[in-house]
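Work through the exercises below with the sequence and the model side by side, and try each task before reading its solution.

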Amino acid sequence: MPRPTPSSALAKLRVLDLSRVRAGPTCARVFADFGADVIKVESPPGLDPNENMSGARHGYDMQNLHRNKRSLTLNLKTAEGKAILLKLIESADLLIENFRPDVKDRLGLDFETLHKLNPRLILVSVSGFGQSGPYRTRAGFDQIAQGMGGMMSVTGLPGQGPVRAGIAVADSAAGLYGALGALVAITERETSGLGQWVQTSLLEAQIAMMDFQAARFLVEGTVPPQAGNDHPYSTPMGVYATKNGHINIGVGAEGHWRSFCKAIGHPQLGDNPVYDSMEKRYDKRPELRVIIESILTQRDSAHWLAAFEDHAVPAGPIYAVDEMFDDPQVQHLGIAQPVSHPILGDFRVVGEPVGLSRTPAGVVSPTPEAGEHNAEILAELGYGSGAVARLREAGAI
């Protein structure tokens, strides 16, 4: 499979990635995949007791999160290490960090200080709960944000109790919102010539992802309950049993409902006045499910998916991850991107889920070893080989 070429979309940008775990690195990965020079600034190996929070360096998570980046190790507790970082900041476009706000202030990486050093710099801060307020110094993790952001209260079967989503929704969303904010700030900088402080948090991102459930409360005052695998108000929309498993069905409009009834061989059900509106079907959801599943369990999933396709009824299989990547449409989209690692060999990572016609994203290099680009980056800053050796001896890199 041919490997993508580097994207030129953001090639003029230099990004300093001081983040770790998931949200911040997700933000930085967007820039790396679209061609920015992303320098992953990290502690020298063994210095940070939490350096393995994303797993082993050669593990799947680190390899997926930090591809396309260069690595520079700096000991920011030394004057020499701090001086190198400040020198990098002078010419950088973005600095992405997810320190607790008080830690950032203690390191002298607050926006006011950085803005004086480089007025064009855009600081992207991704925190657990925000840069101000009573929770600003709390450590935040995805599951905590899922709980506080309302998601666990609407996930799971009715009466089951709170259930976390199976993916890191708050982390990933915060990273993407951070990238979105940074791109807005970059565009605005073309007018003002000035950088600004972009802020997001796991809590805010999780609340934003609640979207219409949150809007339901804000607009109507209704607290959304757990709906299990069913849609909060459309019926039938959710998981339904077949003879050999389960499928997803999405009947979102009256036309879909009549087509659905024809697809299952019961067109008269579509005109039954008991079920001829979304509101009526919602009120009769339990009994309607019994009727539908008594029909669907007579044939296997493949039969029903083909029938629904023929009648233009939205439906789909429910895949395990291996089945997902075997699907012909997934393979056609090419979201599993190949990368070659000098130790791990060839494997695939998850590519960007957005395509550009002229300057698409590309995965061109694996996650670097810690400090792999020390000499290269320091040479760009004017440090000769002797100076680099002295910095290494002093424990600054």
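**Exercise 1. State what share of the chain is buried, and describe its overall make-up.**

Solution. In this predicted model, 45% of the 397 residues of the chain count as buried. The next step is the secondary structure, which comes to 19 helices and 11 strands, while the C-alpha atoms fill a box of roughly 85 × 50 × 40 Å along the principal axes. Turning to the contacts between residues at least 6 apart in sequence, 71% of them join residues at least 24 apart.

**Exercise 2. List the buried residues of helix α9 and work out how they are arranged about its axis.**

Solution. Helix α9 covers residues 202-210, and its buried residues are Leu202, Leu203, Ala205, Gln206 and Met210. Viewed down the axis of α9, these buried residues fall within an arc of 165 degrees, and therefore they line one face of the helix. To finish, look just after α9, where aspartate 211 takes a positive phi of about 45 degrees.

**Exercise 3. Classify the pair formed by the rings of phenylalanine 111 and tryptophan 197, and say which parts of the chain the pair ties together.**

Solution. The count of aromatic pairs comes to six. For phenylalanine 111 and tryptophan 197, the ring centres are 6.1 Å apart and the planes lie at 10 degrees, so this pair is stacked, given that planes under 30 degrees apart count as stacked. Now place the partners: phenylalanine 111 lies in helix α5 (residues 111-117) and tryptophan 197 in strand β6 (residues 197-201), so the pair ties together parts that are 86 residues apart in sequence. As for accessibility, phenylalanine 111 counts as buried at 14%, whereas tryptophan 197 is partly exposed, with a relative accessible area of 27%.

Tryptophan 304 and phenylalanine 308 form another aromatic pair that is stacked, with 6.2 Å from centre to centre and 25 degrees between the planes. These two residues are four apart in helix α15 (residues 301-310), so about one helical turn separates them. Both tryptophan 304 and phenylalanine 308 are buried, and together with Trp257 and Phe260 they form one aromatic cluster.

**Exercise 4. Decide whether arginine 281 is buried or exposed, and trace its contacts.**

Solution. Arginine 281 is found in helix α13 (residues 278-283). Its relative accessibility is 0%, so arginine 281 counts as buried, the cut-off being under 20%. Not counting residues up to four places away in sequence, arginine 281 touches Thr235, Pro236, Ala253, Glu254, Trp257, Tyr275, Asp276 and Leu288. One of these contacts, Trp257, belongs to the aromatic cluster of Exercise 3. Two others, threonine 235 and proline 236, are joined by a cis peptide bond with omega of about -5 degrees, and proline 236 is found in the loop between α10 (212-220) and β7 (237-241).

**Exercise 5. Describe the setting of valine 21 and alanine 312, each with a positive phi although neither is a glycine.**

Solution. Valine 21 has a phi of about 70 degrees and lies in the loop between β1 (14-17) and α1 (23-33). With a relative accessible area of 24%, valine 21 is partly exposed. For alanine 312, phi is near 55 degrees, and the residue is found in the loop between α15 and β9 (315-317). Alanine 312 has a relative accessible area of 58% and is therefore exposed, since the cut-off for that class is over 50%.

**Exercise 6. Locate threonine 137 and identify what it contacts beyond its sequence neighbours.**

Solution. Threonine 137 lies in the loop between β5 (122-127) and α6 (142-148), and with a relative accessible area of 38% it is partly exposed. Leaving aside neighbours within four places in sequence, threonine 137 is in contact with Arg100 and Asp102. As for proline 101, which is 36 residues from threonine 137 along the chain, the C-alpha atoms of the two are separated by 6.2 Å.

Terms used: Residues numbered from 1 in each chain as written. Predicted model: local features only at pLDDT ≥ 70, side-chain atom pairs only at ≥ 80, totals over all residues. Heavy atoms only, no water. Buried < 20%, exposed > 50% of the residue type's maximum accessible area, 1.4 Å probe, protein only. Contact = heavy atoms within 4.5 Å. Arc of directions from axis to C-beta. Phe/Tyr/Trp six-rings, centres within 6.5 Å; stacked < 30°, edge-to-face > 60°.
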